[in-house]
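Colleague: Could you take a close look at the aromatic rings for me? I'd like to hear how they pair up and what sits around them.

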Amino acid sequence: MRLRSPALAAFMVKEFRHILRDRQTLVILLLLPLAQVVVFGFALRTDVHDIRIAFVDPAPDHATAALQGRFAGNGEFDVVGTVLTAAAVEPLFRRDKADLALAFEPGFARRIGEGLPARLLLISDASDPNSSSRRDAYARAVIADYRDQLGAAAGVRIEAESRMRFNPTLESVNLFVPGLIALVLTLVSAMMTAISLSREKERGTLEILMVSPLRPWQIIVGKLLPYLALAVANVVTALLAAWAVFRVPFRGSIALLLAASVLYSMVGLALGALIAARTPSQRAAMLGALVGTMLPSTLLSGMIFPLSSLPEWLRPVTVIIPARWFIVISRGIMLKGVGVEYLWEALAALGVMLLVLMTAAIRSFKPRLG
């Protein structure tokens, strides 16, 4: 076999020219590995930072104030407030405003002074079981340090009990299944739509519609509705599998979750249509959908890794990730049983994204179809 064949050299030159000619695909191919290294490097972390803690202190004294000061001075905790009853912590958990609560028993300082056991209750939001276990361990470390300062050898006893809310058995499947629903919907709505529309564009099918009386928004809606029906069917089957196979609890409204799933799917469809309109080929659309939907939905949505583990500069980026808001909704409904009054911010965020993405997709198709 002749490796220095002129025909082989000409063929290789032709392939290089073909790659260089498709500049958008070339940019994606060059930047995709770099983006993967950077995003994975920052997102694949199991550390827990900025633990939002609330205190239940029905009878404040110098000992409870001192221990609260220990948590406030620790770089891992953010104090969100102090309440008088444990019942007041529940809305903080449901609104996702607190991760952990520390409840003091009345007479905490007196019992320490008398050498009696001073009891604490650590209440954790265990909808993310891995993070909740670490938060509990960090809190116990602060409590142990405070006890040692007082003098454990002198008979000071501080006993801490743990209670896990929303996922008392710490089943990891309860964390992952709601996130997997978001991933499935992303795959069906955004990625498949981008690939399908770009394939139609390559074949010239969409250009035929130029002579029709249909407007760009009508063409987009007509192309996307079948995928919306498919996404809804996938939601139903995923929920049935979550309940029948994995026994994931379902404490909220099925109708609300289905409505939120439809809204999220429409956001994905609009994003897929925008990617298809902005990319020149099916291959570029597939890579663009992978970078623009699948990777962020997996790494920057809180599906696997807590958002608190991300660097502070990267957290604002998650605000524009649709999967982040849908996971808040699905976990809130399935695990916490919350309603619209707790989820309206996430629903509003998806609504704004749908409006922006659909408008951008329609305007992107106008030069070709208008």
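Modeller: Here is a walk through the ring pairs and the charges over rings.

This is a predicted model, where local features need pLDDT of at least 70, side-chain atom pairs count only at pLDDT 80 or more, and totals for chains, interfaces and linings use all residues. Residues are numbered from 1 along each chain as its sequence is written, and side-chain values use heavy atoms, with hydrogens and water left out.

The structure has six aromatic pairs; rings of Phe, Tyr and Trp (its six-membered ring) pair if their centres lie within 6.5 Å, with planes under 30 degrees apart counted as stacked, over 60 as edge-to-face and the rest as tilted. One of them is Phe71 with Phe77, edge-to-face at 5.0 Å centre to centre and 85 degrees between the planes. Both Phe71 and Phe77 are buried (under 20% relative accessible area, with exposed over 50% and partly exposed in between; 1.4 Å probe, protein chains only). Ring pairs also join Phe71 and Phe77 with Phe55, Phe104 and Phe108 in a cluster.

Then there's Tyr264 with Phe326, a stacked pair: 4.7 Å centre to centre, 15 degrees between the planes. Tyr264 belongs to helix H10 (residues 254-278) and Phe326 to helix H12 (residues 322-336), so this pair ties together parts 62 residues apart in sequence. Helices here are DSSP runs (H or I, at least four residues), numbered from the N terminus. Tyr264 and Phe326 are buried too.

As for charges, the charged end of Arg165 sits over the ring of Phe166, 4.5 Å from its centre, and that of Arg247 sits over the ring of Trp243, 5.5 Å from its centre. "Over" takes NZ of Lys or CZ of Arg within 6 Å of the ring centre and within 35 degrees of the ring normal.

Conventions: Helices (H or I, at least four residues) and strands (E, at least two) are DSSP runs, numbered from the N terminus.
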